[in-house]
Amino acid sequence: MHYEKDFLRQLHSELLKARMLEQKMVEIYAQGIVPGHIHSGMGQEASYVGVLATRKPGDYFKLGHRPLGIFHILGEPLDAFFGELLAKTTGNAGGRGGANHLGRFEDGVVGFSGTLGADAGVSVGAALTIAAEKRDNVSYFFYGDGTASRGPVHEAMCLASAWKLPVLFICDDNQFAISTPRQFSSAIENPGAGRAAGYGMPSKVVDGTDILAVYEAARELTKYIREGNGPAVIECKDYRWRGHFEGDQCPYRDAEVTEKYMAEKDGLKLFEAKLLADGVLTEAGIAELTESFEREMSAAVENAVAAPEMKPEEIFDNLYV
Amino acid sequence: MKVTYAKAIGDALKEEMRRDEKVLIFGEDVAEFGNIFGITRGMLEEFGAARVRNTPIAETAMVGAAIGAAETGLRPVLELMYSDFALVPFTEIFHCVAKWRYMHGPAYRLPLVIRNASGSSNGAGPEHSNCVESLFMHAPGLTIVTPSCPYDAKGLLKAAIRSDNPVLFCEPKLLYQTKQEIPDDVYNSDYVIPLGLADVKREGTDVTLIAVGLMVPRALAAAEELAKDGISVEVIDPRTLAPLDKDTIYNSIRKTHRAAIVEESNKTAGIGAELAALFQEELYDELDGPIARIAALDVPVAYNIAMEHYSIPDAAKICTVIRGML
């Protein structure tokens, strides 16, 4: 498949920023300035950036609790992003939602439920609006191999297929639900794609660390969906590099396997190597992009640290508005 | 004209769907079948399959879909059939519907209504006879409405559909076939009853009786009976249980200095428990005696109809309790 260089550079820029945001969150969490928890999605970014390369204006997105950097990729300014993470009034919900509830409605982000999977129907409802308005948009629902076990996800698949709505279910199999390996929870190898047939949906399984493979699979499925054929499932296979939360020492898995994934299946490094070899990027170009985004992130973190916190008299704001 | 509660609900739905093309209904058996109580009959024919949608039995996805549709521009009215089934998507209602606007920010509007047929209905049994208001009163962000008569049912449902906040709308099943005389010009006037406003259903001076849903007609019957003995009962219907119209209720208690609450659901941790706690916290000096809670016995609603009736307050039970307060 032939790609325009600008497209590849854009894809790389998003992938690099997503990775850098994951690293920055780990860094500021270690500094003790994040009041809640961070669930790092390092190593999984290519699954998200690759799928979302198929997006267009008017689409809707239900992301996951990792990797959070994707909310910025979809448009949330860094000040609002870090503001919410640090529970400041500059955050998208003024510090009421926190790390799990980043993103802006104007970017098509439909929200997130901290009870994983309870929001699966929300993506179906957003798709209902798309159908009612006869648009060729897609409602993207990202979930994990752990959440794949939840009833609301199955009900959402059932409803989306019964109503033939434009939903793309993206199962990101990072192989662990907190400490529980996917092999324990799922009797089949692909807890997303493997169940699609039960709801009459087409599906694809793809290496989530190969961003172009992810994009190509998602492109085919979103084309099918945009043409009005109903929902579909894509399953991206990757690996959660870090613990469930920061501080999780991962005693439940083999550290050597983790190191091997990090060394051999780094979606960012693999993509950069390809683009350098093809002459699309230069080392200097990557360094320049890295430095400039590092400055942007650092400034946003500084702003968030300095930003005010919600006052007691504001605690009821947003309730019964 | 004589209007039934069921017709008032159906007319409110139709009028709002004619008024605003963004309004749509979905739920189990609402299309061809016209819902199990016949309330949505004829709507599929008038509004078409895109706006009157049957669903699979998938309550969690249905509630989620109402959220997703509402925030992206539609005004869904979801029907969950029996209120008992609202416990299947308890997470989706308690966490998502109620908290979504708060935790995501003001840009997330939620103009959605969740309708459910509530309470006992002569032999429906333990899992088809429950009232769920008090369970959901514990979820800040949710508006909870239970109308007690056809006039209120129509005006409140229209207000709920026009609200940008999510509304849990409870319809006592035993009220569906009750009739009320309403002048034609009033009934057809596109009237709306504001959410969060209680109604004084009968004025009185000796006791304030707060009655919810099915208990309102029973409270009024009790008040009529007690009046024969010179006992003057003021009956207040909160109509909206959350947020609660404290002003109307408190003004009444400041006048009568006695308060009782009657509800169809179990006594423990019920609506009466919450209101009684509120009154003693905020109106202690106004009260001349203990607050009475009149509620269903703390037992599942039995299939045996005589036992169903025995366990749920009626006018005689209300009269006994009120007499004991004076």
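Predicted model: local features only at pLDDT ≥ 70, side-chain atom pairs only at ≥ 80, totals over all residues.
The contact between the two chains draws on 36 residues from chain A and 35 residues from chain B. On the side of chain A that touches chain B, the elements that contribute two or more residues are α5 (120-132) and α6 (151-162) of chain A, and α5(A) supplies the largest share, with ten residues. When the residues on this side of chain A are sorted by class, 19 are nonpolar, twelve are polar and five are charged.

Within chain A, five strands form an open sheet with parallel pairing, in the order β1-β2-β3-β7-β6. The edges of this sheet are taken by β1 (60-62) and β6 (203-207) of chain A, each of which has a single partner strand, so one side of each is left without a neighbour in the sheet. From one strand to the next, the twist averages 20°.

Chain B is assigned two domains, domain 1 (2-187) and domain 2 (199-325), whose C-alpha centres lie 26 Å apart. Between them, 26 residues of domain 1 of chain B are in contact with 23 residues of domain 2 of chain B. On the side of domain 1 that touches domain 2, two or more residues come from each of α5 (133-136), β6 (143-145), α6 (150-162) and β7 (167-172) of chain B, and the largest share, three residues, is that of β6(B). This side of domain 1 of chain B is made up of twelve nonpolar, twelve polar and two charged residues.

Chain B also holds an open sheet of five strands, in the order β9-β11-β10-β13-β14, and the pairing in this sheet is mixed. Here β9 (199-202) and β14 (292-296) of chain B stand at the edges with a single partner strand each, so one side of each has no neighbour in the sheet, and the twist averages 25° from one strand to the next. Strand β10 (residues 207-211) and strand β11 (residues 233-237) of chain B run parallel and are joined by four bridges, with B:Thr208 having B:Glu234 in β11(B) as its bridge partner. Helix α8 (residues 215-227) of chain B packs on this sheet and touches β9, β10, β11 and β13 (259-266) of chain B, with a direction that makes about 170° with that of β11(B). Helix α12 (residues 315-325) of chain B lies across β10, β11, β13 and β14 of chain B and runs at about 165° to β14(B).

A contact between two helices is also found in chain B, where the axes of α3 (residues 59-71) and α4 (residues 90-104) come within 10 Å and cross at roughly 5°. Because this angle falls under 35 degrees, α3(B) is roughly parallel to α4(B). The contact involves B:Thr60, B:Val63, B:Gly64 and B:Ile67 of α3(B), together with B:Glu92, B:Ile93, B:Cys96, B:Val97 and B:Trp100 of α4(B). By class, six of these residues are nonpolar, two are polar and one is charged.

Definitions and conventions:
Residues numbered from 1 in each chain as written. Chains lettered and ligands numbered in written order. Contact = placed C-beta atoms within 7 Å. Nonpolar A, V, L, I, M, F, W, Y, C, P; charged D, E, K, R; others polar. Pairing = 2+ DSSP bridges. Axes fitted to C-alpha atoms, helices over the stretch in contact; angles between N-to-C directions. Domains from an automatic or database assignment. Parallel < 35°, antiparallel > 145°, perpendicular 65-115°, else oblique.
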